[in-house]
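Good morning, and thank you for making the time. I would like to walk you through one structure, beginning with the chain as a whole and then moving to a few places inside it.

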Amino acid sequence: MDTLPEAVPFFSQWETPDMTLAVLADGADVALRRDPLWRGSGAQTPDEYAVWAANICGMACLKMILATRGEIVPTIELARRCTVHGGYVVNEGSIKGLIYAPFVTFVKAEFGLEAQVMTNVATSDIPAILRQSRFFIASVSSAIRWPEREPPSKGGHLVLVTAATDDVFRFHNPSGHTSATQANAVLAPADFDRFFANRGIAVTI
């Protein structure tokens with residue numbers, strides 16, 4: 001890229017970032033109970049952590065955004081606070097979310113962040129969005145960690161796009177499985193497009 005913005009801290013949605021393959025192999029409910037760092041999430045028990053951590057890619061993105069201004073807030077603490085605003089719906093261990101519009105209300109009310117839900121976004125629109133907003137939380141397939149593969153579908157996971165030009169996109173993936181697919185992952189726009197669901201949230205700090 002011609003110009004790179006300041007470094008953006010990376011945080012996984014798991015407290016132990018290299019747990020992705022274990023989660024995929026054993027299921028989140030089993031694997032995440034083995035995370036020795038679970039307390040750092042803000043969860044009160046391993047069970048609470050295991051339920052939430054598989055659903056908080058959006059909170060990991062928010063944690064990264066807040067960290068750029070020196071605020072470090074545990075992901076599950078963020079999730080609880082977002083739930084109060086309607087960003088998640090919790091029913092007996094099942095979690096629905098992230099719901100975009102309440103998230104926008106949440107980050108404005110509690111952190112003073114300006115955010116905007118964006119739909120029908122072409123991949124080619126993202127560089128222009130980032131010229132107006134500092135970040136773009138993009139809905140992608142979680143299979144984006146394997147860019148050489150064709151995704152089974154688009155959407156269902158969130159990544160934090162930190163920089164984009166017409167030639168290359170850079171993003172943090174909360175569930176990347178290697179260092180190269182976690183912090184500052186890089187894809188050509190055409191490859192990003194194969195995973196992108198044409199929606200997301202623009203955020204300005």
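Predicted model: local features only at pLDDT ≥ 70, side-chain atom pairs only at ≥ 80, totals over all residues.

Residues are numbered from 1 along each chain as its sequence is written, and side-chain values use heavy atoms, with hydrogens and water left out.

Let me start with the overall form. The C-alpha atoms of the protein chain fill a box of roughly 45 × 40 × 30 Å along the principal axes. The radius of gyration, taken over C-alpha atoms, can be set against a globule rule of 2.2 Å times the number of residues to the power 0.38. For 205 residues a compact globule would come near 17 Å, and the protein chain, at 16 Å, agrees with this. If contact means heavy atoms within 4.5 Å, then, among contacts in the protein chain with a separation of 6 or more, 62% come from residues 24 or more positions apart.

Turning to secondary structure, helices (H or I, at least four residues) and strands (E, at least two) are DSSP runs, numbered from the N terminus. The protein chain has 9 helices and 8 strands. The UniProt record, an unreviewed entry, places the feature "domain: Peptidase C39-like" at residues 8-174; its positions are given in the numbering used here, feature names are shortened, and annotations may be inferred rather than shown by experiment. Over residues 8-174 the chain is 35% helix and 18% strand, with the end C-alpha atoms 13 Å apart.

Next, the aromatic rings. A pair of aromatic rings is described by the distance of the centres and the angle of the planes. Rings of Phe, Tyr and Trp (its six-membered ring) pair if their centres lie within 6.5 Å, and planes under 30 degrees apart count as stacked, over 60 as edge-to-face and the rest as tilted. The structure holds 7 aromatic pairs. One of them joins Phe106 and Phe111 edge-to-face, at 5.7 Å centre to centre and 80° between the planes, and both Phe106 and Phe111 are buried. Phe136 and Phe196 form another edge-to-face pair, with 6.2 Å between centres and 75° between the planes. That pair links distant parts of the chain, since Phe136 lies in strand 4 (residues 135-140) and Phe196 in strand 8 (residues 196-204), 60 residues apart. Phe136 is buried at 0% relative accessibility, and Phe196 is likewise buried at 0%. Ring pairs link Phe136, Phe169, Phe171, Phe192 and Phe196 into a cluster.

Thr123, in the loop between strand 3 (114-119) and helix 7 (126-132), touches Phe169, Phe192 and Phe196, among others, not counting residues up to four places away in sequence. At 6% relative accessibility, Thr123 counts as buried.

Finally, some backbone details. Most residues other than glycine have a negative phi, and most peptide bonds are trans. Here a cis peptide bond joins Gly97 and Leu98, with omega about 10°, and Leu98 sits in the loop between strand 2 (94-96) and helix 6. Asn120 has a positive phi, near 55°, and is exposed, with a relative accessible area of 72%. Asn184 also has a phi near 55°, but is partly exposed, at 38%.

Technical notes: Buried < 20%, exposed > 50% of the residue type's maximum accessible area, 1.4 Å probe, protein only.
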